[in-house]
Amino acid sequence: MTYTVILPTYNERENLPLIVYLLDKTFKAHNISYQIVIVDDSSPDKTHEVALSLKSIFNGSNSIITIVSRKGKLGLGTAYVAGLKASVEGSRIILMDADLSHHPKFIPQMIKVMDETGVDLVSGTRYRKGGGVMGWDLKRKVTSRGANFLASFLLNPGTASDLTGSFRLYERNVIEKILPMVQSTGYAFQMEILIRAKKEGMSLGEVPITFVDRIYGESKLGANEIVMYLKGLLQLFFTT
């Protein structure tokens, strides 16, 4: 079985080599077949050039790294769709951030949960025992907790404890079915995936993770993203 990791990137030239190295190290240590699809939205910092260098280093005789280059910042949802189209081998799909906030060491645990329980998707959670956050100030922690609490209160997500997290493992047929239904963008996108999955009767497992704030680059979270999240939350409340 091959696992495909989809990494959407925008200005991640410093982080990309590190996350690719850690993914390669983790998968090889557990003898797991894998593919990485990097979806870059014309990053001004030339992330694409770094991706090309990594491809030449890691691929060798195997096409481990595939690069999808898009013209402009087109959004997270369409990046995942583009990554799925470029993934011809992966029967399971891992969605995660490229900024090192999601450590690949948790992937084998996520795979174990899926194998042993037969769930359709596994989510990394910051909000169950054993999970947490490192590197955030109080304001960021309160914002995240508040957003997650509000979504849980309004949307009734069932067993999901971390609606705004983006580190997940999916059976391929599951993410291919859910993605076309999703209308939200930005941070509400991840939340809508779980809500749609629940509506479709899909099962969820969780693995506690430690989320680490980025070392290089700037966070994409700003006032505009918060407004978009609230709009997406209200739209889901009234339509799902």
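Strand S5 (residues 121-125) is mostly covered, with 5 of its 5 residues buried (buried means under 20% relative accessible area with a 1.4 Å probe, protein chains only). Strands here are DSSP runs of E with at least two residues, and helices are runs of H or I with at least four, numbered from the N terminus. This is a predicted model, in which local features need pLDDT of at least 70 and side-chain atom pairs count only at pLDDT 80 or more, while totals for chains, interfaces and linings use all residues. Residues are numbered from 1 along each chain as its sequence is written, and side-chain values use heavy atoms, without hydrogens and water.

In a regular strand, side chains alternate between the two faces of the sheet. On one side of S5 you will find Leu121, Ser123 and Thr125, on the other Val122 and Gly124, all buried. S5 pairs with strand S7 (residues 168-171) in the antiparallel sense over 3 bridges, and with strand S8 (residues 204-208) in the parallel sense over 5 bridges; pairing requires at least two DSSP bridges between the strands. Val122 is a handy landmark: it stands opposite Leu169 in S7 and opposite Gly205 in S8.

## Aromatic pairs

There are 4 aromatic pairs in the structure (Phe, Tyr or Trp rings, the six-membered one for Trp, with centres within 6.5 Å; planes under 30 degrees apart are stacked, over 60 edge-to-face, the rest tilted). Among them, Phe27 and Tyr34 are stacked, at 4.8 Å centre to centre and 15° between the planes. Phe27 is buried at 1% relative accessible area, and Tyr34 is buried at 10%.

The rings of Tyr80 and Phe189 are tilted, because their planes meet at 35°, with centres 5.7 Å apart. This pair links Tyr80 in helix H3 (residues 76-86) to Phe189 in helix H7 (residues 188-199), 109 residues apart in the chain. Both Tyr80 and Phe189 are buried.

Notes. Buried < 20%, exposed > 50% of the residue type's maximum accessible area, 1.4 Å probe, protein only.
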